[in-house]
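Colleague: I would like to learn how to read a model like this one. Let us take it feature by feature.

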Amino acid sequence: MLRVRLQRHIGDIVDIDATISNLDRFIGASRSPTSLLSLFERDEAALSALLQVFATSQTLANRLIADPESFDLMRASDGQPAERKFLVDELVAELKSIESSNRAALAIRKFTSREIVRIAYGEFVRDLSPDHVGQQLAYVADAVLEASLQFVIRRLIDKLGLPRRIDGQPVQIAIIGLGHLGGTEMGYGNPLELLFLYDAIEEKNESHQEFVQQVVADVTALIGSEDAAALGISIDTSFRPLGEETVIGSSDVTARQLESEGRTWQRIALAKARVVAGHHALGKEFLNRLEPWIYRRFMSRRDFADIRSLRRKLQRRFESQDSDGDDITTASGGRHDIELMIQFLQLLHGGEIKSVRIENTAEAISALEREGCLTHQEASLLAKGYARLCRLQHQLSVMNGRYTSCLPNNDSMRRRLAWHLGVRDSEGRFGDLERFQSQLQETFELNRKVLNHLMVEAPSDDSDSADDFALETELVLDPSPDAELVRETLIRHNLRDPERAMTDIRSLATESVRFLSRRRCHHFFASLAPDLLGEISETPDPDRTLRTLAEVADSIGGKSSLWELLGTNRATMQLMVRLCAATPYLSDILIEMPGMIDELIDSLLMDRLPSAERLDARSIDLCRRATDIDVVLHGFKNSAHLMIGVRDILGKESVQATHQSLSDTAEACLRRVAEYEQEQLAARFGDPIGSDGQAAELIAVALGKFGGREPNYHSDLDVVFLYTEDGQTQRRVGGPRKTITNAQFFNQLTSAVVARINHAGEYGRLYELDGRLRPTGEEGVLAVSIEQFTGRFNRGMAPLWQRLALCKSRVVSGSRHVRRRVSETLLAILGQTTWRPSMNNEIRDLRLRMQETASEENFKRGVGGTVDVEFIAQKLMLQHVGSNPGIFASGTIASLQRLADADLLAGDHARRLMDNYRTLRRVEANLRLMDFSARHELPDDPSKMRDLAYLMGETDPKMIEALVQQARSSNRELFDLLFDIEAS
């Protein structure tokens, strides 16, 4: 009988051998094979349904075979949807009678397995729509979360006691679902994106903290099945508004954090949020409170940076057609694109139209259509395309036995996929691969076509009279302006090449992002043009400024938002013009790394430059999960330099503060590279250990400008590397057995650090780390122990220039106590120096030899240059630090001030030297922002001198020349005076 029945279904099964094998296993696993065969004889539909499930997915077949009783549930439900409350109540009741975590986890897995089989049967056999499938899968997840949360809390109360608020009420916990779970549009095996909240606890009470943290840990452990790859449940808690370390937080604190510091991507994520488990009133109150923040009626200035970032993301997604659609979620025009655009439209319109505030994508499309935000054709095409892609993803996941959106990479599997989706050849025996792929590409193309035209148009200004427009506005709005009008208007703004300038203006007024409204960009730029061109006309070379601005705007993208920002914030417009006018070093950063626009805006909002601690913490955070540390550190350095440079050209920071922040940035980069390379080396040879069994450490001693915290934008890094103690590396557990001496380890480590920092990769060198300095002077020895290093000085083997170099030394790496110990050691070396009068002449001769290698125009090494000031400070420091250790400071200006305070340098002399030093270093800094090749000489080119004067706020370039000459003459006068006094 069974054979006869099977023969009737052979034509409907794509893999008959595997299906028959699964049927045989299922019959063998059933409680009563005889009764089952009788059922097949009485009810042929039962056999047909079972075969279709077996043919659809081996994972589903395995689940049915493992739990044959789920077949009865599948038949009884006949693929119809179940109520959320019914599912939640069923699993909650089942777990109430269970005490063991292992048994509870097993019950959850069995429940999930049965329900997935039921839902899959409804979709693939009874043709349940993809939106109903997504909803049913979400309801199953809700039931699992609610039952698990109640089970975990019940057990924890018995173990830890129930935390109570100040008012005596028990703490309440809510779980917010995000993403596909929040939108009730789940796929098979879709990770659950969750946000955990509690109402209030005693934050300093460790037992309260332990309770809420343990709730999350236990729920995650209970739900996270071992067979997550087989359509099981996994949890994603990466949405953490209170920081990476905070997986559960107070609803009030979380809401306040989002309201004050939340970004647009977080608003988008919360547009799909709903309460999925726990205390419903708590979760609902949280979401209701955030609703005005999510759907803002008015955007703040800070929002514009986020909007630009999102638009750039959408641009890359919608305009990219390189993908062949192998991943139907991330492909251009794929599921993610539709979801992101619909959420974007909801944010744009949701402030005014409450009815579009809907978590589910399909329902949101309908709501946007009803409110006129989408045309009927746009909504129809998007809804149809979205449903197709969801159905395809569901089929992919059950076929592969895991959550996926990637198409098979071989034709036979794709044909099988097409067959299951009903795209078959004329005889219905095989999947029609060509037609399937053609339909899929057509879906992507239609989606892209709709998405590329879905940006909101700018508000109409039809009520404005043409007479109200400035001439500059008319030039922008008129597609064919009169040539004479163009010439007269642009020449009035000091633009010497009107034809090229008009080309740049058209570029600025044209939205480069195709799906964004060109009319909106045109409108905003037209209204901005008079003020913008007025600012540009004040720059040394308006044509070049305009051209650079066009390059920067093209790179950043989303011009309409940029013009809207500049139009509402005059300071930002002036900064952008100033940056494009004369600082190619900064404008190139923006062009090469357009995401840095956020740092540009942030630099205006900051009260001061970031501290050394903040920069160090930021670099640590960026490198923590980095797969390519070079890219991360270049981005970190460029970001910091952009912020520092902006505040520099705006005159918001002193020369000292600018130099110190540049030094702190370099210091953070050096430490991260050293930590990264040490970990790589230790994985091969073990960790370096001293004689006392404690870890030996690498010590980086900064010298020169770096040591004095006074480097410039392009300064080299002078560093000497030491290590704390000789010894041998200790192999790690499970690591390679080979060990090496500490000397070998730290020399290899230093070599790797120097090589990585000096490597000229895609983004150029990170820094130029001076590798010519040797702690002992021996070739090939890059690092020595502290004992070896100090021994050279104690035995009188170190030349005088090395003692001078230590006057600008600063320990920049190592643990806090080691850094303090090495700093004290270096100061002791200086203090033990026996000053002899002959040293005065030796130092002066050393300075004059440096002068001979420089041109007369060089204001660093030439006569009266900054080196004069540095040698004065170092000489006096070396001469007096033994008797007065309190005068030690590695920075030149700080050294001069301490010498003056100790009456070791006349106050008037100190003030003159410090003022002269600041003047010359400020000129140097601006030349480096200009990317001028001769960074220690004033340009011969009059146009470059005009740029320099513009940056320094001077109207006449000759004033710069006079300031430099005056500073140099004063420096040399004091140099000769102070060295001659000693000589006499």
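Colleague: Among contacts between residues at least 6 apart in sequence, what share joins residues at least 24 apart?

Modeller: Contact here means heavy atoms within 4.5 Å. Among contacts between residues at least 6 apart, 72% join residues at least 24 apart in sequence. Keep in mind that this is a predicted model.

Colleague: How many helices and strands does the chain have?

Modeller: The count is 43 helices and 12 strands. The C-alpha trace spans about 120 × 85 × 60 Å along its principal axes.

Colleague: What part of the chain counts as buried?

Modeller: Buried means under 20% relative accessible area. Of the 984 residues, 54% fall in that class.

Colleague: Now a helix pair. How do the axes of α40 and α41 cross?

Modeller: Read the angle between N-to-C directions, from 0 to 180 degrees. An angle over 145 counts as roughly antiparallel. Helix α40 covers residues 892-901 and helix α41 covers residues 907-929. Their axes come within 9 Å and cross at roughly 170°. The two helices are therefore roughly antiparallel to each other.

Colleague: Which residues make the contact between α40 and α41?

Modeller: From α40, they are T892, I893, L896, Q897 and A900. From α41, they are G907, A910, L913, M914, Y917 and R918. By class, that contact has 7 nonpolar, 3 polar and 1 charged residues.

Colleague: Take T892 from that list. Is T892 buried or exposed?

Modeller: Compare its value with the 20% cut-off. T892 counts as buried, at 2% relative accessibility.

Colleague: What does T892 touch, not counting residues up to four places away in sequence?

Modeller: T892 touches E710, K808, V869, E870, A873 and Y917. Take A873 as a case: T892 and A873 are 19 residues apart in sequence, yet 6.4 Å apart in space, C-alpha to C-alpha.

Colleague: Where does V655 lie, and what is V655 in contact with?

Modeller: V655 lies in helix α32, residues 655-685. Its relative accessible area is 17%, and V655 is buried. Beyond its neighbours within four places in sequence, V655 is in contact with R918, R921 and R922.

Colleague: Next, backbone angles. Which phi does D127 have?

Modeller: D127 has a positive phi of about 60° and is not a glycine. D127 lies in the loop between α8 (101-124) and α9 (130-160). Its relative accessibility is 62%, and D127 counts as exposed.

Colleague: What is the phi of N494, and where is N494 found?

Modeller: Phi of N494 is near 65°, again positive in a residue other than glycine. N494 is found in the loop between α22 (483-491) and α23 (498-509). N494 counts as partly exposed, at 43% relative accessibility.

Colleague: What follows α42, and which residues of α42 are buried?

Modeller: G953 follows α42, and its phi is positive, near 75°. Helix α42 covers residues 942-951, and its buried residues are M945, D947, L948, A949, Y950 and L951.

Colleague: Last, cysteines. How many disulfides does the structure hold?

Modeller: A disulfide is a covalent bond between the sulfur atoms of two cysteines. The structure holds 0 disulfides. C373 is buried, with a relative accessible area of 16%. C807 is also buried, at 3%.

Note on methods: Residues numbered from 1 in each chain as written. Predicted model: local features only at pLDDT ≥ 70, side-chain atom pairs only at ≥ 80, totals over all residues. Heavy atoms only, no water. Helix = DSSP H or I, 4+ residues; strand = E, 2+ residues; numbered from the N terminus. Buried < 20%, exposed > 50% of the residue type's maximum accessible area, 1.4 Å probe, protein only. Parallel < 35°, antiparallel > 145°, perpendicular 65-115°, else oblique. Nonpolar A, V, L, I, M, F, W, Y, C, P; charged D, E, K, R; others polar. Disulfide = S-S within 2.5 Å.
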